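Me: I would like to learn how to read the sheets and the chain pairing in a model such as this one. Could you take me through it step by step?

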Protein chains: 2
Amino acid sequence: MSWPPEMLRRFSLNQWTTRYWPLPDLVAGCADAGVGGVGLWREPVAEYGLARAARLVSSAELAVTSLCRAGFFTCADPAERGRVLDDNRGAIDEAAELGSPILVLVSGGLPPGSRDLDRARAQVADALAELAPYAGERGVRLAIEPLHPMFCSDRCVVTSLAQALDLAAPFPAEQVGVVVDVYHVWWDPQVYEGIARAGADGRIAAFQVCDWVTPLPAGVLTGRGMMGDGCIDLRRLRVAVDAAGHRGPVEVEIFNEEIWAQPGRQVLARCLDSYAEHVA
Amino acid sequence: MSWPPEMLRRFSLNQWTTRYWPLPDLVAGCADAGVGGVGLWREPVAEYGLARAARLVSSAELAVTSLCRAGFFTCADPAERGRVLDDNRGAIDEAAELGSPILVLVSGGLPPGSRDLDRARAQVADALAELAPYAGERGVRLAIEPLHPMFCSDRCVVTSLAQALDLAAPFPAEQVGVVVDVYHVWWDPQVYEGIARAGADGRIAAFQVCDWVTPLPAGVLTGRGMMGDGCIDLRRLRVAVDAAGHRGPVEVEIFNEEIWAQPGRQVLARCLDSYAEHVA
């Protein structure tokens with residue numbers, strides 16, 4: 001299939017979708033296909049070298065649409081909290097060097113042994129207050145990602161778009177926004193209100209797509225499906241995000257062992273076909 | 001450990017917690033322990049015989065605190081819908097014969113191939129309208145159970161307490177209430193508002209406890225933990241439900257392969273110990 005140029009321009013491949021595709025191959029594959037951008041992850045970028053990765057991507061004229069990820073703000077002890085904030089400042093610097101407009105934040109789950117969701121959620125708010133000005137000075141926007149409630153205990157105590165928007169509200173919109181990832185929010189009876197509010201508040205920092213498929217695998221991390229293989233009304237959500245004023249990229253982010261086992265170019269082509277059919 | 005009588009009176013053992021414990025043994029075990037009630041399931045009751053089960057439980061002076069479960073209202077075709085409603089009316093009759101004040105409703109997920117959550121949710125509302133008067137005439141209260149959003153696609157499009165309360169609102173409170181199961185609602189940033197509203201509206205039909213443990217197993221159905229083994233603030237939720245006016249039983253409902261493999265009396269004793277420590 002050949003894909004329309006305006007579709008390709010908006011499309012961004014999140015690096016974790018093709019987890020084992022080496023960065024230079026991924027960049028070449030994306031450039032050859034004519035897609036607009038890539039979402040990068042810190043670990044493979046660090047492995048390749050930060051400055052070298054920045055040059056590689058920019059010389060291929062690909063946009064870096066996001067950097068994943070920092071956060072994990074929910075700590076039991078103050079020394080750990082200091083290290084976490086340092087790591088987050090480092091991630092902001094990395095995003096700035098890569099030219100990524102946003103840094104995706106996974107807020108963190110409950111600290112081991114804790115049952116105190118209120119405290120964990122307050123720690124997220126506190127960390128944002130410490131980091132937002134630092135990010136703003138470097139032209140990087142912090143992007144709070146609400147995760148599906150099945151990750152509440154171990155990854156992210158922020159479980160809905162409304163909650164993410166409440167956390168973002170005290171900060172200037174150019175410093176803190178939210179990620180709308182369909183996988184995490186599709187089930188929410190308030191999702192369309194949340195998207196409209198996110199748009200009205202100027203907070204949509206990123207829009208990510210994949211699909212919801214069952215049965216979920218053990219650990220539930222790698223259960224995401226290719227667009228169209230599941231039950232999320234992807235086009236309705238994309239239209240809603242557009243209607244809320246989002247003009248930025250649409251990132252494809254799929255964690256799936258079967259997809260990871262396939263060659264990168266083949267996965268990219270499949271993503272583009274599925275995107276054309278179910279999202280664009 | 002010996003358990004205080006007022007604790008035992010309020011405690012109810014949901015039959016699925018000791019899934020393979022034969023009904024007469026379960027009834028004898030509960031009566032010997034002095035617990036107040038049992039939550040029954042339709043399949044083992046049918047296997048034992050409905051009238052016989054009713055006699056068995058009442059002669060042991062145990063309350064039937066709930067009957068699980070009916071619902072599954074989200075159908076693609078009208079003929080199937082007719083069968084589903086007939087089955088629900090049958091379940092209401094069964095609850096009445098058992099003396100169960102409530103019938104637990106699992107609303108159903110998306111029909112195969114559908115992405116239309118709005119339509120599925122409207123079907124739940126329509127089914128309640130058909131069934132509520134029938135239930136009311138027989139002294140049985142329909143109890144809408146919001147399920148954790150990880151079950152949204154395949155089991156229950158009702159994913160929060162607020163949504164369940166909205167669905168219940170058009171009907172008299174004695175005909176339609178909601179189930180507050182900590183496993184399904186603990187993550188919700190609005191859970192305490194939801195509980196307070198449920199109390200104010202007179203809608204708390206049942207309160208069920210277990211715990212949230214990770215990693216989740218494949219399929220995520222049997223991942224529930226014993227109270228205290230996970231991260232849910234059980235006592236805070238129980239106190240909130242009490243403060244909202246709930247005076248009814250607290251049911252222990254755990255789906256867990258390891259627990260199912262243990263002898264019923266041992267599981268019951270463990271439930272009572274954990275309940276005393278983490279819930280009462």
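Me: What should I know about the model and its numbering before I start?

Reply: This is a predicted model, in which local features need pLDDT of at least 70 and side-chain atom pairs count only at pLDDT 80 or more, while totals for chains, interfaces and linings use all residues. Residues are numbered from 1 along each chain as its sequence is written, and chains are lettered from A and ligands numbered from 1 in the order in which they are written.

Me: In what order do the strands of chain A close into a barrel?

Reply: Strands here are DSSP runs of E with at least two residues, helices are runs of H or I with at least four, and both are numbered from the N terminus; two strands pair if DSSP finds at least two bridges between them. In chain A, eight strands with parallel pairing close in the order β1-β2-β3-β4-β5-β6-β7-β10, and the twist from one strand to the next averages 30 degrees. Strand β1 (residues 11-14) of chain A is joined to strand β10 (residues 250-252) of chain A by three bridges, with A:Val252 as the bridge partner of A:Leu13. Helix α12 (residues 264-278) of chain A packs on the sheet, where it touches β1 and β10 of chain A, and its direction makes about 135 degrees with that of β1(A). Such angles run from 0 to 180 degrees between N-to-C directions, with axes fitted to C-alpha atoms, for helices over the stretch in contact.

Me: Why is strand β2 of chain B described as largely enclosed?

Reply: A residue is buried if 20 or more other C-beta atoms, placed from the backbone, lie within 10 Å of its own, exposed if 12 or fewer do, and partly exposed in between. Four of the five residues of strand β2 (residues 37-41) of chain B are buried, so the rest of the structure largely encloses this strand. Three bridges join β2(B) in parallel to strand β1 (residues 11-14) of chain B, and five parallel bridges join β2(B) to strand β3 (residues 63-71) of chain B.

Me: How many residues of chain A are in contact with chain B?

Reply: Contact requires C-beta atoms, placed from the backbone, within 7 Å; by that criterion, 25 residues of chain A are in contact with 25 residues of chain B.

Me: Which rotation superposes chain A on chain B?

Reply: Two copies of a chain are related by a rotation about an axis and a shift along it. Superposing by least squares on the C-alpha atoms of residues with pLDDT of at least 70 in both copies gives a rotation of 180 degrees with 0.0 Å of shift along its axis, at an RMSD of 0.0 Å. The two copies are thus related as by a two-fold rotation axis, and the C-alpha of A:Ala218 is the nearest to that axis in chain A, 1.9 Å from it.

Methods. Contact = placed C-beta atoms within 7 Å.
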